[in-house]
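Please read the following points with the structure open beside the text.

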Amino acid sequence: MDSSQGSTIAGFVDNASIKRNESSFDGVPVYVKELIAGGFAGALSKTSVAPLERVKILWQTRTPGFHSLGVYQSMNKLLKHEGFLGLYKGNGASVIRIVPYAALHFMTYERYKSWILNNYPVLGTGPFIDLLAGSAAGGTSVLCTYPLDLARTKLAYQVADTRGLIKDGMKGVQPAHNGIKGVLTSVYKEGGVRGLYRGAGPTLTGILPYAGLKFYMYEKLKTHVPEEHQKSIMMRLSCGALAGLFGQTLTYPLDVVKRQMQVGSLQNAAHEDVRYKNTIDGLRTIVCNQGWKQLFHGVSINYIRIVPSAAISFTTYDMVKSWLGIPPQQKSQSVSAA
């Protein structure tokens, strides 16, 4: 009896707090709320997997001394050479990029989805709409934030011997870039605006299907969940993780090409020229010179990374949306409203 009363009181308090949040954000446009929810979700998910992201980039770009190591050995080596903060090197640029990227990604996804439903009812209301809206949103957010992704990659690629412990021939090597501003300034002087978007080709080629498939799978999986479990955090985490795994597996080779294009000028100082004319040339050259396995080098750590990242991102976004008082989109209502 006491337990039942406690649950009732807890539910009442919870509903009351949600109503207070809704009233406090009543004057804020829906798209601003979506930007806030998306940015928060992106920052939280990216920071939670930053050490794995650093190791993945070192593997993808074949950084000397890391290419043949495992996850644990790579992280341990970074700890010895650069300390704990070395695991998060480049994460500042990553978060600065991911906040506007995720905010734009989720917000434009909602806007594109609403626009398609209102203007093209013939397409129906199924997950196919999420595929189209997700792809368009992915392309939009990439174009707006790509230079920051370039800066993040260049910073993460560098391994400085801050403790004098490197024994593999890199001792004394100084970082080519000191911070986000230094990277962007250097790249702009070297190649202008075009240099800031080096590697954007494979990024767009990869993000269009990846972003679309990710949203498609997330919404598709949720349709198979019983009504009573629709708001379960574990359900959202599971659907988000599976959606991320599916999309990432299909587009991972394009991410490898992008990373090698982004650090091309830095790699030239260490080993062979890796400048590619375009995405197709990059894929072909990597297969011929490095073997087809290089296209999937680092995919294992990406699986370890993408599960918590996608799960946290989708779940946080849904929860912050609810906290901000954004009602879930009702597709049938959107269509009838048109």
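1. Helix α2 passes α5 in a right-handed crossing, where right-handed means that the near helix is turned clockwise from the far one by less than a right angle. The model is predicted, so local features need pLDDT of at least 70 and side-chain atom pairs pLDDT 80 or more, while totals for chains, interfaces and linings use all residues. Residues are numbered from 1 along each chain as its sequence is written, and side-chain values use heavy atoms, without hydrogens and water.

2. The axes of α2 (residues 30–48) and α5 lie 7 Å apart, at an angle of about 140°. This angle makes α2 oblique to α5.

3. The whole structure holds nine salt bridges; the term denotes a side-chain nitrogen of Lys or Arg within 4 Å of a carboxyl oxygen of Asp or Glu. One of them joins D130 and K113, with the closest N and O atoms 3.1 Å apart. Because D130 lies in helix α6 (residues 127–157) and K113 in helix α5, the pair ties together parts that are 17 residues apart in sequence.

4. D318 forms a salt bridge with R236, at 4.0 Å between the closest N and O atoms. Salt bridges that share partners join E219, K222, R236 and D318 into one network.

5. W115 belongs to helix α5 (residues 91–119). At 46% relative accessibility, W115 counts as partly exposed.

Conventions:
Helices (H or I, at least four residues) and strands (E, at least two) are DSSP runs, numbered from the N terminus. Buried means under 20% relative accessible area, exposed over 50%, partly exposed in between (1.4 Å probe, protein chains only). Axes are lines fitted to C-alpha atoms, for helices over the stretch in contact, and angles run from 0 to 180 degrees between N-to-C directions. Angles under 35 degrees count as roughly parallel, over 145 as roughly antiparallel, 65 to 115 as roughly perpendicular and the rest as oblique.
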